[in-house]
Amino acid sequence: MQKEYYFIDIDLQTRVVVGWGTTPNATHTGKTSDPSVHRVFLTKGQFNKLAKHLG
């Protein structure tokens, strides 16, 4: 079974959540292909609580 990592992506200039989801790969540095977006990894429980609120 492949491990899943839960994340939210935040635009560093506007401080807005621009994405969220799961990925099989984690950089743990928060770097993404877009230098203005930072990825924050969450535990499964934190992610599920957030997903309830984001709908």
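A remark on the source comes first. This is a predicted model, in which local features need pLDDT of at least 70 and side-chain atom pairs count only at pLDDT 80 or more, while totals for chains, interfaces and linings use all residues. Residues are numbered from 1 along each chain as its sequence is written, and side-chain values use heavy atoms, with hydrogens and water left out.

Let us take the overall plan. The protein holds 1 helix and 3 strands; here helices (H or I, at least four residues) and strands (E, at least two) are DSSP runs, numbered from the N terminus. Read from the N terminus, the order of the elements is β-β-β-α. The C-alpha trace spans about 35 × 25 × 10 Å along its principal axes. The accessible surface is about 4300 Å², and carbon and sulfur atoms account for 53% of this surface; such areas come from the Shrake-Rupley method with a 1.4 Å probe, and for residues only the protein chains shown count as cover.

Of the 55 residues, 22% are buried. Buried means under 20% relative accessible area, exposed means over 50%, and partly exposed lies in between (1.4 Å probe, protein chains only). Contact, another term I shall need, means heavy atoms within 4.5 Å. Among contacts between residues at least 6 apart in sequence, 41% join residues at least 24 apart.

How do the strands pair? Two strands pair if DSSP finds at least two bridges between them. β1 and β2 are antiparallel and pair over 7 bridges. In this pairing, Ile10 stands opposite Val17 in β2, and Asp11 has Val16 as its bridge partner in β2. The two strands form a hairpin with 4 residues between them, and Arg15 in the turn has a positive phi of about 60°. β1 is also joined to β3 by 6 bridges, and this pair runs antiparallel. Asp11 stands opposite Val37 in β3. Why is β1 described as largely enclosed by the rest of the structure? The reason is that 5 of its 7 residues are buried.

I turn now to the aromatic rings. A pair of aromatic rings is described by the distance of the centres and the angle of the planes. Rings of Phe, Tyr and Trp (its six-membered ring) pair if their centres lie within 6.5 Å; planes under 30 degrees apart count as stacked, over 60 as edge-to-face and the rest as tilted. The structure holds 3 aromatic pairs. One of them joins Tyr5 and Phe41 edge-to-face, at 6.3 Å centre to centre and with 80° between the planes. Tyr5 lies in strand β1 (residues 5–11) and Phe41 in strand β3, so this pair ties together parts that are 36 residues apart in sequence. Tyr5 is partly exposed, with a relative accessible area of 22%, and Phe41 is partly exposed, with a value of 22%.

The rings of Trp20 and Phe47 have centres 5.7 Å apart and planes at 50°, so this pair is tilted. The pair links distant parts of the chain, with Trp20 in strand β2 and Phe47 in helix α1 (residues 44–54), 27 residues apart. Trp20 counts as partly exposed at 40% relative accessibility, whereas Phe47 counts as buried at 8%. Ring pairs link Tyr6, Trp20 and Phe47 into a cluster.

Three single residues remain. Thr23 lies in strand β2 and is buried, with a relative accessible area of 12%. Leaving aside neighbours within four places in sequence, Thr23 is in contact with residues including Tyr5, Arg39 and Phe41.

Ser36 is placed in the loop between β2 (16–23) and β3 (37–42). Not counting residues up to four places away in sequence, Ser36 touches Ile10, Asp11, Leu12 and Gln13.

Gly45, in helix α1, is partly exposed, with a relative accessible area of 41%. The C-alpha atoms of Gly45 and Tyr6 are separated by 9.5 Å, although these residues are 39 apart along the chain.

Thank you for your attention.
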